[in-house]
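I opened my notebook to record what I looked up in this structure. My entries follow in the order I made them.

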Amino acid sequence: MRVYLDHAATTRVFDEVAQEVMKLFTQFYGNASSTHSHGYEARRFYEEARTKIAKHLNVEPDEIYFTSGGTESDNIAIRGFLRANFPNGGHIITTQIEHPAVLEVAKQLEKEGYEVTYLKPTEEGYVTPDDFRKAIRKNTVLASIMWVNNETGVIQPIDEISKIAREHGIVLHSDAVQAIGKIRIDARLVDMLSASGHKFYAPKGCGFLYVSRSIKIEPIMYGGGHERGLRSGTENVPGAHGMAVALELIEKNYEAWSEKMKRLKEKIIDAIDSIPDHHINGSNTIFSHINVSFKGIHGESLATALDMCGISVSTASACASHHGKGRSHVLEAMGLEDWIVDGAIRISLGYDNSEDEIDYFLEVLQREISRLRSMS
């Protein structure tokens, strides 16, 4: 049996979404910017997708900009806002547990003269509103706080941080890549929000950025002036349509699917609790994520052993592998002991996982932990 438990890295495109996307590839393939009937057909799908996604987020269609994914959305939000409003510098607040798509931008901005505060999370994996308030300076102009951490699944206190940011007139951006399609969110809590289609059962290479009408933002790359001048490049109509269809399916089935995910997660945690010397990393986590460490076992060794049995889990963010860093910067920031940081694996469930798959996973997990511990 093969079992995929790495949905935080990417998801399998829903069958219904794949069929819809194929329809656009083969039947409605016109350039959405063309002024003929093929183009008008594609444009209709594109704008309908924008409207549906806006409705899902409780915002207006003209506040949604299509991009290639989360990284591009994060870059446009942060760099585009600063370029438009504070080109000569300012203070930015973010966290030590952001995805590299935000952390690497922040590091680059420091080289360009901006000041950046990186909030440290608690041992439970969340940043506190008090620490956010204490970090605010007279020249703080922007904050970027992720909605859900990609490694631990810890939900950050965005609602409380939003209130503080607004009290001080600070624009708030959130990388919501791990939140969209999993928890119901009101995008109006923030001023800008990033999302990536392949994290919620839509194709890779598509995403979107919400920007409140009240926010002035400039492009960071130039071309044909697509997306009202913010993001040039031929419109990815199949991708936009695929995202809208995926979110519609999730909305329609959310109650049943989320309950199933919660049940499967509880089953896994109950089984893990019977294994001595383990540590579950983070609290108040989303129903899809379990980040756990087993004493005496390196996370990569366990992930490899599981992979040999057909089970895919991860040890950290897939994107972190490109930085050549084996250890999780998230768990390190949480101040956890070395054995916890080195021993962690991330189990991320998807809506299509079954009870049989979880039974097989737990059987193999317990067997491989016993085997690896007997070898150490």
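Predicted model: local features only at pLDDT ≥ 70, side-chain atom pairs only at ≥ 80, totals over all residues.

**Entry: Glu-227**

Is Glu-227 buried or exposed? I found a relative accessible area of 6%. Buried means under 20%, so Glu-227 is buried. I placed Glu-227 in the loop between β8 and α7, and α7 spans 237-273. I then checked the backbone. Phi of Glu-227 is near 50°. That is a positive value in a residue other than glycine.

**Entry: Tyr-201**

I looked up another positive phi. Tyr-201 is not a glycine, yet its phi is about 75°. I found Tyr-201 in the loop between β7 (192-196) and β8 (207-211). Its relative accessibility is 4%, so Tyr-201 counts as buried.

**Entry: salt bridges**

How many salt bridges does a search of the whole structure find? I noted 28. I followed up some of them.

I took Arg-137 and Glu-115 to begin with. Their side chains meet in a salt bridge at 2.6 Å, N to O. Arg-137 sits in the loop between α5 and β5 (140-144), while Glu-115 belongs to strand β4 (residues 115-119), so this pair ties together parts that are 22 residues apart in sequence. Arg-137 is partly exposed at 38% relative accessible area. Glu-115 is partly exposed too, at 36%.

I went on to Arg-184 and Glu-255. Their side chains form a salt bridge at 3.1 Å, N to O. Arg-184 lies in the loop between β6 (171-175) and β7, and Glu-255 lies in helix α7, so the pair links parts 71 residues apart in sequence. Arg-184 counts as exposed, with 60% relative accessibility.

I also looked at Glu-368 and Arg-371. Their salt bridge is 2.6 Å, N to O. Both residues lie in helix α11 (residues 355-375). They are 3 residues apart, about one turn of the helix. Glu-368 is buried at 5% relative accessible area, whereas Arg-371 is partly exposed at 37% relative accessibility.

I then came back to Glu-227. Salt bridges that share partners join Glu-227 into one network with Arg-43, Glu-47, Arg-50 and Glu-235.

**Entry: the negative patch**

Which residues gather in a patch of negative charge on the surface? I listed Asp-130, Asp-131, Asp-159 and Glu-160. I checked which helices supply them. α5 (129-135) and α6 (158-167) each give at least two residues of the patch. Asp-159 has its place in α6. I read 39% for its relative accessible area, so Asp-159 is partly exposed.

**Entry: the two sides of α6**

I stayed with α6. Which way do its buried residues face? I found Ile-158, Ile-161, Ser-162, Ile-164 and Ala-165 buried. They cover an arc of only 165° around the axis, so they lie on the same side of α6. Lys-163 and Glu-167 are on the other side, and they are exposed.

**Entry: Asp-74**

I ended with Asp-74. Its place is in helix α3 (residues 70-85). The relative accessibility is 0%, so Asp-74 counts as buried. I looked up its distance from Ala-101. Asp-74 and Ala-101 are 27 residues apart in sequence. In space they are 6.4 Å apart, C-alpha to C-alpha.

Notes: Residues numbered from 1 in each chain as written. Heavy atoms only, no water. Patch = residues over 30% accessible without salt bridge, like charges linked within 9 Å, V, L, I, M, F, W, Y side chains within 5 Å. Areas by Shrake-Rupley, 256 points an atom, 1.4 Å probe, with all protein chains shown as cover. Salt bridge = Lys/Arg side-chain N within 4 Å of Asp/Glu carboxyl O. Lys, Arg positive; Asp, Glu negative; His and termini not counted. Charge placed at Lys NZ, Arg CZ, Asp CG, Glu CD. Helix = DSSP H or I, 4+ residues; strand = E, 2+ residues; numbered from the N terminus. Buried < 20%, exposed > 50% of the residue type's maximum accessible area, 1.4 Å probe, protein only. Arc of directions from axis to C-beta.
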